Amino acid sequence: MLSIVLRNEGFEPVWCAHGDRAVDTFREAKPDLVLLDLMLPGRDGVEICREIRSTSGVPIIMLTAKSDTIDVVAGLEAGADDYVPKPFKTKELVARIRTRLRRLPTASKERETLQVADLEISVDGHTVKRDGKLISLTPLEFDLLLALARKPWQVFSRELLLEQVWGYRHAADTRLVNVHVQRLRSKIERDPERPEIVLTVRGIGYKAGEPTGK
C-alpha cells in the first residue's frame, strides 16, 4: 500500500521486506532516501541504519510502531534523521520525505562562506572544514549547523529548529533536536563535553559559537 501511495506521489520505491537483505538492496538501488522499519525479520532497523550511516549520508526516516523513548532514541543515535510512529497519515509521511529531500536554500548566488569558532562552512559547496581538513556531515547535520551559523546572534529554541531544519509546522518531539546536536558535536567539536561551536543556552535551546581568530 505504501509503495502505491509513493508511486502516485511521483517517487520510485524499491521494496525490501527482510532485514538480512536490506543493506544489499540499499547498495544496489542507491536510493535518494531510505524509509526503514524499526522492526524487521532478521536484522532490525537500528542495526541496518547504523551500517548504512557508516558509509552514506543518505536521509533515513524510521517507521516505528514503538514510541518508547529507548527505541526512538536508539534509532536516532544510529543515524536516522527523523522517525514516524505508526499508524501515520500518508500525507504526513510524504511531507516528511519531501522535506528531507530538499536542502536549505543559499542566500544568494554569490559564494558564501561562514565561520563558526574554528570551522569554515562553504554554503554553496556544502562542506565543513577545520584547518583545511574536511569534516564529513550528513545533509541534515549540515543543515542544522548552517541554520545556527547563519544567525550567530540568535538563540534557537528546539521548536524553531524543528520547524526550520526538519520542516515541522506543529508541536513535535524535541528529542530529534537533542540527539542530532549530540551527533553533530561528536563530529565537529574538539571536545564534545566542552562545546565551542554548538552552544547550549539553558532553558532556551542552542546557538552558534563565536568565530575564533586565526
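**Sheets, helices and a pocket**

Modeller: Strands β1 and β2 (residues 60-64) run parallel and are joined by four bridges. Helices (H or I, at least four residues) and strands (E, at least two) are DSSP runs, numbered from the N terminus. Two strands pair if DSSP finds at least two bridges between them. This is a predicted model, where local features need pLDDT of at least 70, side-chain atom pairs count only at pLDDT 80 or more, and totals for chains, interfaces and linings use all residues. Residues are numbered from 1 along each chain as its sequence is written, and side-chain values use heavy atoms, with hydrogens and water left out.

Biologist: Which residue in β2 does Leu 35 stand opposite?

Modeller: Leu 35 faces Ile 61 there.

Biologist: What is the strand order in that open sheet?

Modeller: The order is β1-β2-β3, three strands with parallel pairing. β1 and β3 (82-85) are the edge strands, and each pairs on one side only. Neighbouring strands are turned by 25 degrees against each other on average, direction ignored.

Biologist: Which strands does α3 lie across?

Modeller: α3 lies across β1 and β2, at about 175 degrees to β2. Axes are lines fitted to C-alpha atoms, for helices over the stretch in contact, and angles run from 0 to 180 degrees between N-to-C directions. Contact means heavy atoms within 4.5 Å.

Biologist: How many residues line the largest pocket, and which lie nearest its centre?

Modeller: There are 32 in the lining, and Pro 13, Val 14, Leu 33, Val 34 and Leu 35 lie nearest the centre. α2 gives the largest share, five residues. The elements giving two or more residues are α1 (2-8), α2 (19-29), β1 (34-37), α3 (45-55) and α5 (90-101).

Biologist: How many of the lining residues are nonpolar, polar and charged?

Modeller: 22 nonpolar, five polar and five charged. Ala, Val, Leu, Ile, Met, Phe, Trp, Tyr, Cys and Pro count as nonpolar, Asp, Glu, Lys and Arg as charged, and the others, Gly among them, as polar.

Biologist: Now the other sheet. What is the order there, and is the pairing parallel or antiparallel?

Modeller: It is an open sheet in the order β8-β10-β9, with antiparallel pairing. β8 (156-157) and β9 (198-201) are at the edges with a single partner strand each, so one side of each has no neighbour in the sheet.

Biologist: How many bridges between β9 and β10?

Modeller: Four. Val 198 has Ala 208 in β10 as its bridge partner. The hairpin has three residues between the strands, and Gly 203 takes a positive phi near 80 degrees.

Biologist: And β8 with β10, how many bridges?

Modeller: Two, between β8 and strand β10 (residues 205-208). Phe 156 stands opposite Tyr 206 in β10.

Biologist: Which strands does α8 lie across?

Modeller: α8 lies across β9 and β10, at about 140 degrees to β9.

Technical notes. On a 1 Å grid over the protein atoms alone, a cavity is a set of points where a 1.4 Å probe fits but cannot get out, and a pocket is an open set with protein on both sides within 12 Å along at least five of seven lines; lining residues have an atom within 4 Å of a point.
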